[in-house]
Amino acid sequence: MKGQMGAKRPQAGSVLRWLWLAVAVVLVTFPVYVTVVTALLPSGDVAAGRLVPVPGRLTLDNVREALDSAPLARQYLVSVAVTALQATAQLATAALAAYALVFPRWRGRGVAFALVLATLAFPGESLVIPNFETATALGLRDTLLGIVIPYLAAGYAVFLLRQAFLALPRETWEAARLDGCGELRALLHVVLPMARPQLITAAMWCALSAWNGYFWPLLITDSPQRRTIQVGLAQLVVDQATTPAVIYAGTLLVLLPTLLLVLFGQRFLVRGLAARLTT
């Protein structure tokens, strides 16, 4: 009897874990489901006011109306360019700074890292006015470079990669240096491949923060064609307040790249973790 009761307990615990996982999946995916289905339903079906929309006759009319009512297509391209430039610059500066803070021996590394951490303590709003005055003085207002230039480096990305580099075997780097690898070659061909999972995580964080930026692109740009999709979506909510299906369609356009980025990054993250475990 005791053996049978002991055998049932793990089974009950497994059922509870699977039940909790199912509830968590529903809570996470339900808003995405509502957004996707509502964006593709005809406006009349959305006006019925169902709490849980049922996918019936789907259409792309709401997406077309959203693109026609605001320059979302142009703003989409601006957001893609801002995300690519900003994420690439932040990854490059973070990798170089983290490498310098971990591998070469030089006096003042601790002070330099403390200054990097200090940048995380300042709220972004406190830097808006000096950044705006600097960008305006340089003639970068209402330009793509004006949106990107204050965010060419990120302290959190430096911190994340530094912690990842600290966990790497220093002997591998020293062996590469003894074989004649220069600093840049050692970073690109030795350090970064070993820190691939953390590098992908940092890349996803940089890309998502760039894509979701709202306040600074709104402040530094004047013309709608040079603003990002986040700013355009806010304007769409104001213009299409009486047609929620069109607002959901615009939200779907903003949400889709985020979902694709997470799915794409997760795939390579799992592959990088598996490669690390087998070595």
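Analyst: Buried means under 20% relative accessible area, exposed over 50%, and partly exposed in between (1.4 Å probe, protein chains only). The model is predicted, so local features need pLDDT of at least 70 and side-chain atom pairs 80 or more, while totals for chains, interfaces and linings use all residues. Residues are numbered from 1 along each chain as its sequence is written, and side-chain values use heavy atoms, leaving out hydrogens and water.

User: Why is Pro257 called partly exposed?
Analyst: Pro257, which is found in helix H14 (residues 244-278), has a relative accessible area of 23%, and because this value lies between 20% and 50%, Pro257 counts as partly exposed. Helices here are DSSP runs of H or I with at least four residues, numbered from the N terminus.

User: What is Pro257 in contact with, leaving aside its neighbours within four places in sequence?
Analyst: With contact meaning heavy atoms within 4.5 Å, Pro257 touches Tyr76 and Trp211. The C-alpha atoms of Pro257 and Trp211 are 8.9 Å apart, although 46 residues separate them along the chain.

User: Why are H4 and H11 called oblique to each other?
Analyst: Helix H4 (residues 72-102) and helix H11 (residues 196-211) pack at about 140 degrees, with their axes 8 Å apart; the axes are lines fitted to C-alpha atoms over the stretch in contact, and angles run from 0 to 180 degrees between N-to-C directions. Angles under 35 degrees are roughly parallel, over 145 roughly antiparallel and 65 to 115 roughly perpendicular, the rest being oblique, and H4 and H11 are therefore oblique.

User: What makes a set of residues a nonpolar core, and which members of the largest one touch the most others?
Analyst: Such a core joins buried Ala, Val, Leu, Ile, Met, Phe, Trp, Tyr and Cys residues through side-chain atoms within 4.5 Å. In the largest core, of 31 residues, Tyr99, Phe103, Leu161, Phe165, Leu168 and Val191 touch the most other members. H4 gives the most to this core, with seven residues. Leaving aside its neighbours within four places in sequence, Phe103 is in contact with Arg109, Phe165, Leu168, Arg170, Trp173 and Val191. A second, separate core of 15 residues includes Leu40, Ala66, Leu233 and Leu236.

Conventions: Helix = DSSP H or I, 4+ residues; strand = E, 2+ residues; numbered from the N terminus.
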